[in-house]
Amino acid sequence: MKISATLRVNGTSYPVELDPHVSLLRAVRDELGLTGSKEGCDDSECGACMMLLDGKPVNSCSYLALQAEGRDVTTIEGLAGDEEVGPLQRAFLQQFGVQCGFCTPGMLISATALLRANPDPSDEEIKIGLSGNLCRCTGYDGIVKAVRQAAAGGVPPLGQPPTHADATPPHHAG
Amino acid sequence: MSRSFTSAATVEEALAAIDLGARPVAGGTDLVVGARQGKAPLPDAIVAIDRIDGLTGIRNDGGAIVLGALVTHEALVADATVRQRLTALADACAIVGSHATRAQGTIGGNVMNASPAMDTGGPLLCLDAAVTLRSQAGERTLGLAELWAGPGQTTASPNELLTAVGIPVPAAGTGSCYVRLEYRRQMEIAVVGATAVLTVVDGAVTDARIAITALAPTIRRVPGAEAALVGTDGGAAAIAAAATATAEASTPISDVRGSAGYRSAMAEVIARRAIAGALTRAGGGSVEIPASQATFGDPGSGR
């Protein structure tokens, strides 16, 4: 039997009818059409589905959607507010923290949670803060640099040359 | 049976639903993940208990530190009293799952999941924690050794809900430490774990509790290791004897994370680190939380 509920996602309230077993991830992707959050492992290992629930990180694949009623859910679509992309997202682009992009929404959510709790993390703290998120492409280095740059502030707008000393593109031989 | 979901506002509402066959869910980090992994399907009737105010918070009632069933690992590791007085529990809570697991997972769910590899189990057992189980018929208090019956098994009735975990405030001069062997820093489960809770008075160990994790069907104390420490100065010979006794008491399984032989061999190493960490803390010295990472590669551990 489906149950009527209201999910508040990125500040917008959505009336939904949900089976009690439906995960928050499936509800947000399939019922709300917000497909930025990804399903990787579907059992809390990979972090691709990471969202914020009342500001705290949650593996949304393993959280019942009906439990989120009355709570504030934040997905990748809500991270930048009114901007097209926020400073953390720009830093990911400028530091080459994105390759295939599948892990990126979850990485950005985890990095957001980390920076809210710890605005000036060490590289070690960044690595621990992101270690619930798996990336198969980047080797993580650009991601850690991006979080460090976002923490330092002053991330330039897109379309300008990167200013960070580490932000040289990887060298591709041949 | 058709599926149902209710969200309880009070313990009484939750107990009424459970009495009718509903299963409780709080953070979902075991129940839902277990269903995804095929351990057990999600229950048809679910009662969410995550909004019950009466099950939150950490309070010190004088003789005991009482943890509400809904207290998260994140809240425990951030709590000053837990870090200072129940340090082994902070060691464990700091390394459970990932930051998302720690933000959503609750101590009540963790205890009732009864995994022989759970990080918080050894610290809770050695710190003499007792759980409060409530049903519509009443309330009872149970030690963890009486609660855990086997892997994933407890002696609680299906109509009972864990509402609180009480931990006596340790005696002055007590230091505690939990160390696990891990292959990675997060989203890891103990390959082998050991807890030591030691009280040292005037240079002599007056009380010792040692427990093993992922080395037996339930987390359990090791009386032989405790006897090897009590009455000694906690020197190298006593630590070695206790670590040997810990390995001898282990009856591990072989699985994807380690063979039984490897686990038994590592039991000695991990026990030694946990005992050394607890002795340092008992003496007022500092060992970083989580101790698993502080002692890894520490020259003082002989590795």
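Predicted model: local features only at pLDDT ≥ 70, side-chain atom pairs only at ≥ 80, totals over all residues.

User: In what order do the five strands of the chain A sheet come?
Analyst: The order in this open sheet is β2-β1-β5-β3-β4, with mixed pairing. The edge strands are β2 and β4 (56–59) of chain A, each pairing on one side only. From one strand to the next, the twist averages 40 degrees. Helices (H or I, at least four residues) and strands (E, at least two) are DSSP runs, numbered from the N terminus, and two strands pair if DSSP finds at least two bridges between them.

User: How many bridges join β1(A) to β2(A)?
Analyst: Seven bridges join these antiparallel strands. A:A5, for instance, has A:V16 of β2(A) as its bridge partner.

User: Which residues of helix α1 of chain A are buried?
Analyst: In α1(A), residues 24–31, the buried residues are A:L24, A:L25, A:A27 and A:V28. A residue is buried if 20 or more other C-beta atoms lie within 10 Å of its own, exposed if 12 or fewer, and partly exposed in between, with C-beta atoms placed from the backbone. These buried residues pack against β1 (3–9), β2 (12–18) and β3 (50–53) of chain A. After α1(A) comes A:G33, with a positive phi near 75 degrees.

User: And where does helix α3 of chain A lie?
Analyst: Helix α3(A), residues 104–117, lies across β3 and β4 of chain A and runs at about 35 degrees to β3(A). Axes are lines fitted to C-alpha atoms, for helices over the stretch in contact, and angles run from 0 to 180 degrees between N-to-C directions.

User: Turning to helix pairs, at what angle do α2(A) and α5(A) cross?
Analyst: The axes of α2(A) and α5(A), the latter spanning residues 141–152, cross at roughly 140 degrees and come within 8 Å. That makes α2(A) oblique to α5(A); angles under 35 degrees count as roughly parallel, over 145 as roughly antiparallel, 65 to 115 as roughly perpendicular and the rest as oblique.

User: Which residues make the contact?
Analyst: A:P87, A:L88, A:A91 and A:F92 come from α2(A), and A:I143, A:A146, A:Q149 and A:A150 from α5(A). Two residues are in contact if their C-beta atoms, placed from the backbone, lie within 7 Å. By class, there are seven nonpolar, one polar and no charged residues. Ala, Val, Leu, Ile, Met, Phe, Trp, Tyr, Cys and Pro count as nonpolar, Asp, Glu, Lys and Arg as charged, and the others, Gly among them, as polar.

User: How many residues of the two chains touch each other?
Analyst: Chain A has 25 residues in contact with 24 residues of chain B. On the chain A side, the elements that give two or more residues are β4, α3 and α4 (123–129). Of these, β4(A) gives the most, with four residues. The chain A side has 11 nonpolar, nine polar and five charged residues.

User: Where is the cis peptide bond in chain B?
Analyst: The cis bond joins B:I289 and B:P290, with omega about 0 degrees. B:P290 is in the loop between α12 and α13 (291–295) of chain B.

User: What is phi at A:F96?
Analyst: A:F96 is not a glycine, yet its phi is positive, about 60 degrees. The residue is in the loop between α2 (87–94) and α3 of chain A. A:F96 counts as partly exposed, because 19 other C-beta atoms lie within 10 Å.

User: Finally, is B:A8 buried or exposed?
Analyst: B:A8 is buried, because 22 C-beta neighbours lie inside 10 Å. Its place is the loop between β1 (4–7) and α1 (11–19) of chain B. B:A8 and B:D50 are 42 residues apart in sequence, and their C-alpha atoms are 8.0 Å apart in space.

Notes
Residues numbered from 1 in each chain as written. Chains lettered and ligands numbered in written order.
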